[in-house]
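Hi there,

Here is the model I promised to pass on to you. My notes on it follow below.

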Protein chains: 2
Amino acid sequence: MNFTNDDAAKLLKIIKARRDVRGNRFISQAIEDEKLHMILEAGIHAPSVGYSQPWKFVIIKDKKIKNELLENFEGENSTAKEIFSERELYKNLKLEGIMEAPVNIAVLYEPKEEAVLGMTSMKKMGEYSVVCAVQNMWLMARALNIGIGWVSILDEAKVLKSLRCEKNSQLIAYLCVGYVDEFYKESELKTLGWERERVLEDVLSTSYADR
Amino acid sequence: MNFTNDDAAKLLKIIKARRDVRGNRFISQAIEDEKLHMILEAGIHAPSVGYSQPWKFVIIKDKKIKNELLENFEGENSTAKEIFSERELYKNLKLEGIMEAPVNIAVLYEPKEEAVLGMTSMKKMGEYSVVCAVQNMWLMARALNIGIGWVSILDEAKVLKSLRCEKNSQLIAYLCVGYVDEFYKESELKTLGWERERVLEDVLSTSYADR
């Protein structure tokens, strides 16, 4: 299948319009089953090392479990507030949307016991495959005008316990998923001056032999 | 900005048409600068923890360096062949396209010295941000009808030495990038029966409280 220049331009628009959404932007409107299905389909069509597809997706809507997750976040974030005590902005940031988002998805990595093709040298390739699935889901959600926020200020072991996961599971991402009242035009952390944008020239180099 | 159902369907097509491309499919046709630029633009618009943008992209075209990388691969792959000695198929697989692809890109993670928002609990979020950039690049390339192969059978320390990278850099992905004579309809490892496809029902669950 060949894609057109218009298709490529559209993809770049989706990529640039994707945002990390927090609880101040989610609305309560339910996500249609077929849209959630498209988001998950995007996830399972991610690349995976040795075609191992080592992902698992746990859908969470129950308020009690979400509450446990929120408590988990609040505990971790109180430590984080101390770490960033010299940056006044930190404590005013809304950094999760666990209760506000109608759907939460825990994305897990389930390592295989046997050897995996492509993982014999670089051992983290399994985890990285799961991250590729998360990024596919994030883009797919954006194309459906649905927001996703990745919450990482969590104690992983407690999350796995709250969700009663298999012993060998690893948490890769905890996602809050829902419709939004607005997608910001740019990263909120850029707008608020937390961190500067790095343009291509800042992060690109050619190998010394090609210079 | 609102996207349409057609946009979402198109994105899902791109996601499903993306393949891991090896040396038997790359052709020598040069990649236009503006297309390489679009691929890299897709990379730097990935999500990153705390808007840290901790990525670096090293473009490699020089044959001597590519040769060093190929030797690196061959050393690691001879170990891998022993690991998979009971699966005849392994030794017949072409698992890289370092020389055949006109452009190679090493995607590095450059950790910050100071604390990063969102990384205070889950320490791997910086690496994961770089993986999101790789996935954006992979999809963008596919929309431009350009193939990418992720080579992971490499000794990371030797790669960093070959590229004379900064001391604190970490290799996340080594990508082979080029036009192809064909994109396979499905993963080659599925076609060849190396690993079975897992469908959504195999990898999806709801939290125990939502059952």
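A word on terms before the notes: two strands count as paired if DSSP finds at least two bridges between them. Helices (H or I, at least four residues) and strands (E, at least two) are DSSP runs, numbered from the N terminus. This is a predicted model, with local features needing pLDDT of at least 70 and side-chain atom pairs counted only at pLDDT 80 or more, while totals for chains, interfaces and linings use all residues. Residues are numbered from 1 along each chain as its sequence is written, and chains are lettered from A and ligands numbered from 1 in the order in which they are written.

**The two copies**

In total, 82 residues of chain A are in contact with 82 residues of chain B (contact means C-beta atoms, placed from the backbone, within 7 Å). On the side of chain A that touches chain B, H4(A) gives the largest share, ten residues. That side divides into 47 nonpolar, 17 polar and 18 charged residues. Here Ala, Val, Leu, Ile, Met, Phe, Trp, Tyr, Cys and Pro count as nonpolar, Asp, Glu, Lys and Arg as charged, and the others, Gly among them, as polar.

**A sheet with strands from both chains**

Five strands form an open sheet of mixed pairing, in the order S5(A)-S1(B)-S2(B)-S4(B)-S3(B). S5 (204–206) of chain A and S3 (146–151) of chain B stand at the edges with a single partner strand each, so one side of each has no neighbour in the sheet. Neighbouring strands are turned by 25° against each other on average, direction ignored.

S5(A) runs parallel to S1 (residues 55–60) of chain B, joined to it by three bridges, and Ser205(A) stands opposite Val58(B). Helix H4 (residues 125–143) of chain B packs on the sheet, and its direction makes about 5° with that of S4(B). Axes are lines fitted to C-alpha atoms, for helices over the stretch in contact, and angles run from 0 to 180 degrees between N-to-C directions.

**Strand S1 of chain A**

S1(A) pairs with S5 (residues 204–206) of chain B in the parallel sense over three bridges. Phe57(A) has Leu204(B) as its bridge partner, and Ile59(A) has Thr206(B). Six bridges join S1(A) to S2 (residues 103–109) of chain A in an antiparallel run, where Val58(A) stands opposite Ala106(A). Five of the six residues of S1(A) are buried, so the strand is largely enclosed by the rest of the structure. A residue is buried if 20 or more other C-beta atoms, placed from the backbone, lie within 10 Å of its own, exposed if 12 or fewer, and partly exposed in between.

**Helix H1 of chain B**

The buried residues of H1(B) are Ala8(B), Lys10(B), Leu11(B), Leu12(B), Ile14(B) and Ile15(B). Their cover includes H1, H2 and H4 of chain A together with H4 of chain B.

Best wishes

Definitions and conventions
Two residues are in contact if their C-beta atoms, placed from the backbone, lie within 7 Å.
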